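Reader: I would like to go through the labels attached to this structure and ask, for each, what value stands behind it. Could we take them in turn?

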Amino acid sequence: MSRVCELTGKRAMVGNNVSHAMNKTKRKFSVNLVKKRFYIAEEDRWVTLKISTAALKTINKNGIAAVLKQAKANGFVK
């Protein structure tokens with residue numbers, strides 16, 4: 001499975017390693033993903049999601065129901 005956040009769609013970015021001599025080689029900036037279980041009271045069930053830590057902070061602030069509703073509107077959740 002790819003390293004993509006299931007709520008925000010964040011994925012790896014590509015950039016350069018830059019040495020002291022300004023030599024550039026390609027590198028990948030990976031997403032900080034965590035696997036987390038959430039209880040959705042409206043549906044009375046547990047859901048396991050692979051999300052970025054930024055999305056986890058948003059869930060802590062706004063609540064899982066609001067974040068899932070927004071992710072569905074953006075087309076990331078089925």
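Reader: Why is D44 called exposed?

Author: This is a predicted model, in which local features need pLDDT of at least 70 and side-chain atom pairs count only at pLDDT 80 or more, while totals for chains, interfaces and linings use all residues. Residues are numbered from 1 along each chain as its sequence is written, and side-chain values use heavy atoms, with hydrogens and water left out. With a 1.4 Å probe and protein chains only, buried means under 20% relative accessible area, exposed over 50%, and partly exposed in between. D44 has a relative accessible area of 57%, so it is exposed. D44 lies in the loop between β3 (33-40) and β4 (45-52), where strands (E, at least two residues) are DSSP runs numbered from the N terminus. Its phi is near 55°, a positive value in a residue other than glycine.

Reader: What makes M22 count as exposed?

Author: The relative accessibility of M22 is 55%, and therefore M22 counts as exposed. M22 is found in the loop between β1 (13-18) and β2 (24-29), and has a positive phi of about 65° although it is not a glycine.

Reader: Why does S52 count as buried?

Author: S52 has 2% relative accessibility, so S52 counts as buried. This residue is found in strand β4, and, not counting residues up to four places away in sequence, S52 touches C5, T8, K10, V31, N32 and L33, a contact being heavy atoms within 4.5 Å.

Reader: What makes the meeting of the E43 and R45 side chains a salt bridge?

Author: The term requires a side-chain nitrogen of Lys or Arg within 4 Å of a carboxyl oxygen of Asp or Glu. For E43 and R45 the N to O distance is 2.6 Å, so the pair meets the definition. A search of the whole structure finds one salt bridge. E43, at 40% relative accessibility, counts as partly exposed, as does R45 at 43%.

Reader: Why is the pair of Y39 and W46 called tilted?

Author: A search of the whole structure finds one aromatic pair. The ring centres of Y39 and W46 are 5.2 Å apart and their planes stand at 55°, so the pair is tilted. Rings of Phe, Tyr and Trp (its six-membered ring) pair if their centres lie within 6.5 Å, with planes under 30 degrees apart counting as stacked, over 60 as edge-to-face and the rest as tilted. Y39 has 37% relative accessibility and therefore counts as partly exposed.

Definitions and conventions. Helices (H or I, at least four residues) and strands (E, at least two) are DSSP runs, numbered from the N terminus.
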